[in-house]
Amino acid sequence: FPQAQVMRNEAVHPIRGWEDLKRRLHEDRRVYAFFHPCLPGEPLVILHCALVWGEPCKGLHQLLGLQQHAHIHDTAQGSSAPFASDAAQQPPSTAMFYSISATQRGLAGIDLGKFLIKQVADSVKQEFPSISTFATLSPVPGFRQWLLSRLLAEDLQNGGRPEELTLQQQSAYPPFISKAEASELILSLRAVPSMDELLNSRSGFSCFTLLHTMLHKEIFLQPQCAHLHELFKNILMRNAARYLLLEKRRNLALDPVANFHFRNGAEIQRINWMSDASEQGMARSFGICVNYVYNLEQVFDNNRMYLVEHKIRASKEVCAWLRSDNGLVGELMV
């Protein structure tokens, strides 16, 4: 189908001109589309796939050729490499689904992507028998808005009082920020001139206000806050795990992308720190992306477990971001 349709209909990672399009149509890439006889020549869904050898990619720059932001510390690194760069020695071992876009607004709400993913996996496996892993590098579009809104809600609930550092009840869920993290944050910020006004305000502040301010204005990424990067990584990664695995609507994952993949039988393998440091990535999820894996032998069981038992299969690495008393059963998250 025409290249112009690929460029026009890309909704997840906008294509930045013809050179970018060329890169996404390289020999180590595949683009698949789902068509229907009622709309001849018009793709209903378009899926982009990258062929790599090694483990699933952790950073979007590995797939799209993006330049990493210089101010980001501990950017996502991966041991994957494009298939084309070493095709003679290393056949591809992993198929990365990094973008899936619906093209027809009138079909919104109809889950067509699942049909395409299953057919693509079969097609890729037939063309490249060496491929044993089918994974995604997916955005977390609702995470930033969810976390900021929850911090504001907690602050209002506690009246914004500085003494309310007990946070929320810890019997069911991990806290947004622990007492130790709150103390470390306040002590560390005393050395940051731009935070003096907030820290020394007469009305006081809660840890939720402080954390919200740091995140909303992305102050934690500024050079003078470099010593706080590891602290914010722990806070954001833990809350991302909570958002993906514990926050639900009608027993299904609150995040729409997570819900899509879980419904299709995927499992969550890894949460990646600063995987997409672009402006769009920061606006979605503070740069965090997720690897979902499709184990073709377990897709049906995972689908049934999610829709019937309301359980999500997650790796030990992902579960490690949450405490052991939050409904963990082996590698399954309730």
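Me: Where else is pLDDT below 50?

Reply: Over residues 160-173, a stretch with 33 contacts in the model beyond near neighbours in sequence. Where pLDDT is low, the predicted coordinates should not be read in detail.

Me: What is the average pLDDT for the protein?

Reply: The average is 77, and 67% of the residues score at least 70. This is a predicted model, in which local features need pLDDT of at least 70 and side-chain atom pairs count only at pLDDT 80 or more, while totals for chains, interfaces and linings use all residues. Residues are numbered from 1 along each chain as its sequence is written, and side-chain values use heavy atoms, leaving out hydrogens and water.

Me: OK, rings next. How many aromatic pairs are there?

Reply: A search of the whole structure gives 10. Rings of Phe, Tyr and Trp (its six-membered ring) pair if their centres lie within 6.5 Å; planes under 30 degrees apart are stacked, over 60 edge-to-face, and the rest tilted.

Me: Are Phe262 and Tyr292 buried or exposed?

Reply: Phe262 is buried at 2% relative accessible area, and Tyr292 is buried at 0%. Buried means under 20%, exposed over 50%, partly exposed in between (1.4 Å probe, protein chains only).

Me: Which residues do ring pairs link into a cluster?

Reply: Phe143, Trp146, Phe176, Phe220, Phe232, Tyr243 and Phe286.

Me: Changing topic: how many disulfides?

Reply: Zero, counting a disulfide as a pair of cysteine sulfur atoms within 2.5 Å. Of the cysteines, Cys57 is buried at 2% relative accessible area and Cys225 is buried at 0%.

Me: And the protein as a whole, how many helices and strands?

Reply: There are 13 helices and 13 strands. Of the 334 residues, 51% count as buried. Among contacts with a separation of 6 or more, 72% come from residues 24 or more positions apart.

Key
pLDDT is the predictor's confidence in each residue, from 0 to 100. Contact means heavy atoms within 4.5 Å. Helices (H or I, at least four residues) and strands (E, at least two) are DSSP runs, numbered from the N terminus.
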